[in-house]
Amino acid sequence: MKFNRVCVLFVGVCLIGAALADVEEEDDDVQVEVEDEDVKPEKPKFTPPTVEKNVHFADSFNSKDDFKRWTVSQAKKDGAEESISKYDGKWHVEEPKDSAIEGDLGLILKSKAKHHAVSSNLNKPFKFDGKPLIVQYEVRYQNGIDCGGAYVKLLSEDPKLNLKQFHDKTPYTIMFGPDKCGLDNKLHFIFRHKNPKTGEIEEKHSKKPTASLDSYFADKKTHQYSLVVNPDNTFEVSVDGTVVKEGSLLDDVSPPVNPPKEIEDPNDKKPADWDEREKIPDPDAEKPNDWDENEPEKIVDIEATKPEGWLEDENKLTPDPDAEKPKDWDDEMDGEWEAPLIENPKCQDAPGCGKWEQPMIKNPKYKGKWRAPMIDNPNYQGVWKPRRIPNPNFFEDLEPYKMTPINAVGLELWSMNDEIVFDNFLVTDDKVVAERWTEQTFQVKSRAEKASSGGAWGYFSAMKGAADERPWLWAVYVVVLLLPLLLISICLCPRSGPIKPETLANAKKTDAVSPDDEQKEDTESADQEKAGPGGDNKPSTKKSKSSLEATEDDGDDEENEDDDAADEEEEEKGSESPRCVIIRFCTSMKFQ
């Protein structure tokens, strides 16, 4: 039964592994076969994606000339030191290092610890007039990222907008994208909402995503960030096609779009006689006559006696006899030198050293200062709160989707890391167009990067990435990878311990059939059927060396007989086929 359970468990583990393999194969649209891990597959050549006519903005950087549509800012950052206030960070359109696609260019941030600002006008302004806003682009941290942003700003339509003066205070409608500094990583979605009563602009921040974002910042791969803002006031943020956060513009942003209908009256004050005390000392309680507040908490234990062997003449610490005065010690400057103190070795085996004093114990008469017991306050009025009044600034905007129109895309960033690649920007109002764009850009690049990684490391990276997104997979990996090793070790490693002589003796004295003998008889009967009349093989009649020796010398003692039997068993095992060895092993496991 034990063997059967092990076999069933092993088969179950194999099925789980096969199911995981099938899932991985289904996730990959194209399978790349590499015969030799040392030979990398040939890079695919870049094919420009098709730009639909109705897109508001699209740029896949097909050539270095495409950078002409972008404007590098010449402004200065307000509030920064003069030496670092300029937006003098460098931008290049070039092919990234270790690019998986030949000829695929990108817009690359090239400077460290500098302000960068670049922007480009849309083909036509985006107006929130009933169609979804879809924004997507790609980011790759070639050198990793320690501290820096990679978000985009969708600049608000404004006749005064001058892209050469684009800076951190330039009005924007939406800010979206990844940002990291140290261990803190974020995926921003911020929109600026205009108060319909006062005209003031206030930033609304979406809540943090529930999924882990660590792998997107650490793997140095290309990732696509997508934002969809729908006319029904819902939004959706995705990374590589996987939704990481979604919600409502009305309910899932902070601070809320609409203020509360009522607020606490700022002019209301707590009355002087308002009693917030839930418990008070009992005013009718009196201190008992026998209550003595002068008794100390602890007293000397007068019954204690000095332990035998206590060394009163020895100190707990003594000068180190091995210490030597430093050569550079100056008595005039440093004072008289004294050897450092160490624990007195004489006190190690003694109950104590130094002057013995009777210890302190708790005073049974101690009661402390008397206090009246606490009772419920009959005048308790609860915790005071100011009264609520109608909010004079209340408004209700049920369509926060209708934001300020967008006229440009901008990158205004500070980064401690360089070589950040931006590619395949798209702003549209058509989800089908966005899907086709993704198929022609990110999906092609993602497959090429997976193929170029290849080998065992590529599989390991894929497994790690999947587990980072779904932590429960780590438990599956442990079961699938370690459990088979454990089962194999159980199957291949024999039981330890010597064979008792009594066991061999009993086996020779009795004719009881052991499990191994049953298997042996089955095997021999099968061989005899094959080697019987009409068979190709004849039964062997050759005697073994041990059998001949046993015939010539029948007077040997029992110990020699045991040795002969062991020799016979070793020869029989050596002559068995691998299949017989497995059958013998499995049978022995089954009867354990």
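Q: How do helix 4 and helix 5 run relative to each other, roughly parallel or roughly antiparallel?
A: Keep in mind that this is a predicted model. Helix 4 (residues 431–440) and helix 5 pack with their axes 3 Å apart, at an angle of about 25 degrees. Angles under 35 degrees count as roughly parallel. So helix 4 and helix 5 are roughly parallel.

Q: Which residues of helix 5 does helix 4 meet?
A: On the helix 4 side, the contact uses Trp 437, Thr 438, Glu 439 and Gln 440. The residues of this contact split into three nonpolar, three polar and one charged. Over in helix 5, the partners are Phe 442, Gln 443 and Val 444.

Q: Which helix supplies at least two residues of the lining of the largest cavity?
A: The largest cavity has a volume of about 110 Å³. Of the 14 residues lining that cavity, the closest to its centre are Pro 96, Arg 140, Thr 222, Lys 445 and Glu 449. Strand 6 (133–141) and strand 25 (420–428) each give at least two lining residues, and so does helix 5 (442–453).

Q: How many charged residues are in the lining of the second largest cavity?
A: About 40 Å³ of space lies in this cavity, and its lining includes Phe 57, Val 135, Gln 136 and Tyr 137. Strand 6, strand 8 (152–156) and strand 25 each supply at least two of the lining residues. The lining divides into nine nonpolar and one polar, and the number of charged residues is: no charged.

Note on methods. Residues numbered from 1 in each chain as written. Predicted model: local features only at pLDDT ≥ 70, side-chain atom pairs only at ≥ 80, totals over all residues. Heavy atoms only, no water. 1 Å grid on protein atoms, 1.4 Å probe; cavity = no way out; pocket = protein on both sides within 12 Å on 5 of 7 lines; lining within 4 Å. Points joined across faces, edges and corners; volume = space filled by probe spheres on them. Helix = DSSP H or I, 4+ residues; strand = E, 2+ residues; numbered from the N terminus. Nonpolar A, V, L, I, M, F, W, Y, C, P; charged D, E, K, R; others polar. Axes fitted to C-alpha atoms, helices over the stretch in contact; angles between N-to-C directions. Parallel < 35°, antiparallel > 145°, perpendicular 65-115°, else oblique. Contact = heavy atoms within 4.5 Å.
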